[in-house]
Amino acid sequence: MEENVVTRNFIQNIIEEDLRSGRCDHIVTRFPPEPNGYLHIGHAKSILLNYGLAQEYNGQFNVRFDDTNPTKERVEFVNSIKEDIAWLGADCGEHLYFASNYFEKMYETAVKLIKKGKAYVCDLTPEQIREYRGTLTEPGKESPYRNRSVEENLALFEAMKNGEVEDGARVLRAKIDMASPNINMRDPILYRVSRMTHHNTGDDWCIYPMYDFAHPIEDAIEGITHSICTLEFEDHRPLYDWVLVEGEWKKTPEDTPKQIEFAKLYLTNVVTGKRYIKKLVEDGTVDGWDDPRLVTIAALKRRGFTPESIQKFVELCGVSKADSSVDYAMLAYCIREDLKMKRPRMMAVLDPIKLVIDNYPEGQVEELTAENNLENPELGSRTIPFGRELYIEREDFMEEPVKKYFRLFPGNEVRLMHAYFVTCTGCEKDENGNVTVVHCTYDPETKAGSGFEGRKVKGTIHWVPAAEAKDVTVRLYENLIDEEKGVYNEDGSMNINPDSLTVCNAKVEPALMDAKAYDSYQFVRQGFFVADAKDSAPGNPVFNRIVSLKSSFKLPTT
């Protein structure tokens, strides 16, 4: 009998060793977003990873806003982040915090460092600080203000706090090692003066801590045991531990909080950086942070992705120390897999042309029964009106068919889905030679569900009844980036795909008019679609294509 082998990722191995060794007796993880933009798919991985670890080890999951930079933070971003985390299903319960609520303790820690001779007030300009910092191959040089007395540093730092110093005129720096091979340890800045109204603390403070100083203190205050972050912070880990040890929040670097780094989630040919998304929003390339062509969590939600599909995607990506890129096709695969058994299959014609059944009785209307999802009988069935005039897709008729074309052309017979066999007899054209109407005849013996077995046809096409069809706007989305050229040009500009959005005036079956925001369906042969949450109105939905039906992604075999 084969045993089930459970594969653990390296973070789980570290946590389990810490629990075994007694370094900690419980687990507390956190997701610490900066409220300077909307969250994207990469953040979803971090949210679900931290939440999942807390769940697995019966621990606690915190959400903490790292709001230490008021120049870029807005309440709009705070609210959107809360909504995104809740939508993903990561419940922090009562453990929602703001770093700004810890400003007093951060200030006290800075004062403690000054008293220990581990921090000093520096008057160098930002340009001079960069110059003195050195390079990757050359050590930095010490600031002329590095050896100020403790008393002078305390007085200067208090003056900074009291608003007696101009913005940018002075900073508080850690006193570590200007010759360190790790540039992050070359007397990093801990505090700067910035007169900005903060979304949470208002005008209480005019000095604000730097991220590398604030973040470890926040973790310590909340009792975080494992501070899980992405690989770009690996070189910052010595500073993380220095702040906590010298600030007397922990005794040794090996104690908790412990920083652990994992690889970011990169999607090919997709814009994820907040700075670039912000530019797309501000220059009007997209219609907001939730534009369905983006991969912000709000955009994916509006596009019609589900929390379950994103959870599956993150699970397939896994957790590792090695940077890698994932094809967007895998994300599309996950939403197809999630929706295919859950959603009804409806008929919508995106590029309509009229079909007239010449031998069908004028004025007669039948109510045909259609299964909502052949693979899931629990979704039940619906009725669709059927009459003499219908709409079909323009591409489903060719006057002169190409090889292996099995749809409508003069003399060919096809099945109308849920209805009858029809044979094409010809077409009408306008003065420019464009086909305007397709004509056919039907065989009343071939009604779907009647048990007819007289002959087979190779083509089945969908349709909507002309008299009862409803007009709706349908949006077809492609990649926002021109995939052949890559994301960025040499000058840093983005290669925007001019065909990333196509708007159709479609005809749909009447039942679709009841769609509410976020209701999703499979449109037969077209893909999965969702009622847009922003632009739909009661009785007048706008549909976004979530994903097409064809997939280029194959699950790896084990």
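Mentor: Let us begin with a loop. Asn58 lies between α2 (41–56) and β2 (60–65), in the loop that joins them. Please bear in mind throughout that this is a predicted model.

Trainee: What is the phi of Asn58?

Mentor: First, the general idea. Most residues other than glycine have a negative phi, and most peptide bonds are trans. In this structure, Asn58 has a positive phi of about 50°, although it is not a glycine.

Trainee: Is Asn58 buried or exposed?

Mentor: A residue counts as exposed when its relative accessible area is over 50%. Asn58 has a relative accessibility of 74%, so it counts as exposed.

Trainee: Where is His418 found, and what is its phi?

Mentor: His418 is in the loop between β18 (413–416) and β19 (421–429). Its phi is near 65°, a positive value in a residue other than glycine. His418 counts as partly exposed because its relative accessibility is 21%.

Trainee: How should I read the surroundings of a helix? Please take α8 as the case.

Mentor: One asks how many of its residues are buried, that is, under 20% relative accessible area. Helix α8 covers residues 237–246, and seven of its 10 residues are buried, so this helix is largely enclosed by the rest of the structure. The buried residues are Leu239, Tyr240, Asp241, Trp242, Val243, Leu244 and Glu246.

Trainee: What follows α8 in the chain?

Mentor: Just after α8 comes Glu248, which takes a positive phi of about 65°. The loop between α8 and β9 also holds Pro257. The peptide bond from Thr256 to Pro257 is cis, with omega near 0°.

Trainee: How many cavities of 30 Å³ or more are there?

Mentor: A cavity is a space where a probe fits but cannot get out. The count here comes to one cavity of 30 Å³ or more. The largest cavity has a volume of about 80 Å³.

Trainee: Which residues line the largest cavity?

Mentor: Its lining includes Arg30, Tyr211, Asp212, His215, Pro216 and Ser227. Cys229, Phe233, His236, Tyr240 and Gln259 also belong to the lining.

Trainee: How does one describe the protein as a whole?

Mentor: One may start with its elements: the protein has 12 helices and 27 strands. Its C-alpha trace spans about 100 × 65 × 45 Å along the principal axes. The radius of gyration is 31 Å, whereas a compact globule of 558 residues would have one near 24 Å.

Trainee: What share of the residues is buried?

Mentor: Of the 558 residues, 51% count as buried. The accessible surface comes to about 26,500 Å², and 47% of it belongs to carbon and sulfur atoms.

Methods: Residues are numbered from 1 along each chain as its sequence is written. This is a predicted model: local features need pLDDT of at least 70, side-chain atom pairs count only at pLDDT 80 or more; totals for chains, interfaces and linings use all residues. Side-chain values use heavy atoms; hydrogens and water are left out. On a 1 Å grid over the protein atoms alone, a cavity is a set of points where a 1.4 Å probe fits but cannot get out, and a pocket is an open set with protein on both sides within 12 Å along at least five of seven lines; lining residues have an atom within 4 Å of a point. Grid points are joined across faces, edges and corners, and a volume is the space filled by probe spheres set on the points. Helices (H or I, at least four residues) and strands (E, at least two) are DSSP runs, numbered from the N terminus. The radius of gyration is taken over C-alpha atoms; the globule rule is 2.2 Å times the number of residues to the power 0.38. Buried means under 20% relative accessible area, exposed over 50%, partly exposed in between (1.4 Å probe, protein chains only). Accessible areas come from the Shrake-Rupley method with a 1.4 Å probe; for residues, only the protein chains shown count as cover.
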